[in-house]
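Here is a short briefing on one chain. Look over the sequence and the model before reading on.

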Amino acid sequence: STALEPVSLPLPTRGSVAKAVARAKAVLPNLNIHVGIVGVAGEKGRNSPAERYAHMLTNSKVVITCSPPQWEGDSRLGEAL
């Protein structure tokens, strides 16, 4: 085994990512950390971005996105950029 061999690790689930960020929020109370939905969830939220959602993205220094496991990808990363 060499250091350059790929390591096969299970991908984190959406829930485990949210829990990790929530733990960071508890440990780092001086940081403004939001975990959860901003704006409108569901089909309505997919058709047009909510003003609160856009405001949160533009005022963030770090954005973590995580899709449900059955989704190959979505536009959250693009929206964040």
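Buried residues (under 20% relative accessible area, 1.4 Å probe, protein chains only) make up 9% of the 81 residues in the chain. This is a predicted model, in which local features need pLDDT of at least 70, side-chain atom pairs count only at pLDDT 80 or more, and totals for chains, interfaces and linings use all residues. Residues are numbered from 1 along each chain as its sequence is written, and side-chain values use heavy atoms, with hydrogens and water left out.

**Confidence**
- The mean pLDDT of the chain is 77, and 67% of the residues score at least 70; pLDDT is the predictor's confidence in each residue, from 0 to 100.
- Confidence in the chain is highest in α1, with a mean of 88.
- It is lowest in helix α2 (residues 43-47), where the mean is 65.
- Where pLDDT is low, the predicted coordinates should not be read in detail.

**Fold and surface**
- The chain has 4 helices and 0 strands; helices (H or I, at least four residues) and strands (E, at least two) are DSSP runs, numbered from the N terminus.
- Along the sequence the pattern reads α-α-α-α.
- Take the contacts (heavy atoms within 4.5 Å) between residues at least 6 apart in sequence: 31% of them join residues at least 24 apart.
- The chain has an accessible surface of about 7,200 Å², and 58% of that belongs to carbon and sulfur atoms.
- Accessible areas come from the Shrake-Rupley method with a 1.4 Å probe; for residues, only the protein chains shown count as cover.

- Val 27 lies in helix α1 (residues 14-27).
- Val 27 counts as exposed (over 50% relative accessible area) because its relative accessibility is 64%.
- Val 27, Leu 28 and Leu 31 make a nonpolar surface patch of about 280 Å².

**Asn 32**
- Asn 32 sits in the loop between α1 and α2.
- Its relative accessibility is 80%, so Asn 32 counts as exposed.
- Asn 32 and Ser 60 are 28 residues apart in sequence, with 9.3 Å between their C-alpha atoms.

**Ala 50**
- Apart from neighbours within four places in sequence, Ala 50 is in contact with Gly 39 and Val 40.
- From Ala 50 to Val 38 the C-alpha separation is 8.1 Å, and the two are 12 residues apart along the chain.

Note on methods: Patch = residues over 30% accessible without salt bridge, like charges linked within 9 Å, V, L, I, M, F, W, Y side chains within 5 Å. Salt bridge = Lys/Arg side-chain N within 4 Å of Asp/Glu carboxyl O.
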